[in-house]
Amino acid sequence: MPAKIISGRDISTTMRAELAEEVAAMKADTGVVPGLATVLVGADAASEMYVGMKNKAASTMGLNSRQITLPADTPEAELLGVVEGLNADPEIHGILVQLPLPDHIDEARIIEAIDPAKDVDGFHPISAGRLMTGSGAFFSPCTPAGVVEMLLRSGHDPSGQHVVVVGRSNIVGQPLANLLLRKAPGGNATVTVCHSRTRDLAAVTRTADILVVAIGRPEMITADHVAPGTVVIDVGTHRVDDPDSERGYRVCGDVLFDEVSEVASAISPSPGGVGPMTITMLLANTVESARSAG
Ligand code: NDP
């Protein structure tokens, strides 16, 4: 039987409607409007597109969104000054510096300059440390938080389940493993993390109740990697050449969807899966930041 679809697009639409209501209520009750600042350095086309999507989603939900675009040759000291200005600005509750930054700028120094209370991207080392230790307030990185939210809202609570995460990057695999391990809602899973040195990957992934794939390799996970009944979340997103398509390309994930959806009990597609959730979690973090500040 084909798998049920876990639609990040649908879950995201529901969450954005909930958040828009919360933003309207906050404005009416306290006069506070959550503010998100995005900082873009240079004119990378993909980065411009991502920042544009984030600002549009923020404005649609009633947030104040402020985009700061700086030339590619902006000195590091000037960018640090911009971040410090945003840290001190009471109208801004969330700061996102779009990565990658030009080579002459030390990314770690810029991320570390963001006030952790406004680190809605969750990349500051203090946020990462608090996620690992489970102590203190922090914002979860948006893509892993989106994966957990998708599992919970589709009725697949990871608690007590064996979750296999394929990928150990600092932005997806590792923080996701830490979120799933926490003694907190959305956590309490038994977690295995795989990477390029894992021996016999398929033997490990077949032991999963829930399989989350963040490898960055188009359609690498096939039916052979998945035991019947597994819940599969595909974080991957790729444009691959497709001469049969009008556009000359198609978008796919790290999972061979047509094959795996015949084996899995539930599966998230790509596109329409984790992608929309990432932006939604950024907005959710910004609203939460405004709530805590108010
Ligand atoms: P990275 O390239 O940073 O990490 C990939 C991970 O996969 C690494 O840990 C790597 O292992 C592991 N890996 C690579 N090849 C294999 C293999 N053959 N077998 C087992 N493990 C392997 O990627 P990201 O984490 O940044 O992104 C992963 C995917 O998710 C990409 O497709 C990206 O586009 C997508 N993505 C989607 C987002 C969204 O919003 N939907 C947001 C962020 C990412 P090792 O560490 O040993 O090198």
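Surface patches are taken here as groups of residues with over 30% relative accessible area and no salt bridge, in which like charges are joined within 9 Å and nonpolar side chains within 5 Å. In the present model, which is predicted, Asp224, Asp258, Glu259 and Glu262 form a negative patch of this kind. One of its members, Glu259, belongs to helix H9, which spans residues 257–260. Glu259 has a relative accessibility of 36% and therefore counts as partly exposed, a class that lies between the limits of 20% and 50%.

A nonpolar surface patch is also present, made by Met49, Tyr50 and Met53 and covering about 300 Å². Within this group, Met53 is placed in helix H2, residues 45–60. Because its relative accessibility is 41%, Met53 is likewise classed as partly exposed.

The strand arrangement was examined next. An open sheet is built from six strands with parallel pairing, in the order S1-S11-S8-S7-S5-S6. Strand S1 (4–5) and strand S6 (190–194) are the edge strands, each of them pairing on one side only. In general, the strands of a sheet pair through backbone hydrogen bonds, in either a parallel or an antiparallel manner.

The bond between Leu99 and Pro100 is cis, with omega about 0 degrees; Pro100 is located in the loop that links strand S4 (94–97) and helix H4 (107–113). The bond between Ser270 and Pro271 is also cis, with omega about 10 degrees. Pro271 lies in the loop between strand S11 (266–267) and helix H10 (274–293), and S11 is itself a member of the six-stranded sheet.

Positive phi values were found in residues other than glycine. With a relative accessibility of 37%, Asn188 counts as partly exposed. For Glu219, phi is near 55 degrees. Glu219 occupies the loop between strand S7 (210–213) and strand S8 (231–234), two strands that are neighbours in the sheet order. Its relative accessible area is 24%, so Glu219 is partly exposed.

Definitions and conventions. Residues numbered from 1 in each chain as written. Predicted model: local features only at pLDDT ≥ 70, side-chain atom pairs only at ≥ 80, totals over all residues. Heavy atoms only, no water. Areas by Shrake-Rupley, 256 points an atom, 1.4 Å probe, with all protein chains shown as cover. Salt bridge = Lys/Arg side-chain N within 4 Å of Asp/Glu carboxyl O. Lys, Arg positive; Asp, Glu negative; His and termini not counted. Charge placed at Lys NZ, Arg CZ, Asp CG, Glu CD. Helix = DSSP H or I, 4+ residues; strand = E, 2+ residues; numbered from the N terminus. Buried < 20%, exposed > 50% of the residue type's maximum accessible area, 1.4 Å probe, protein only. Pairing = 2+ DSSP bridges.
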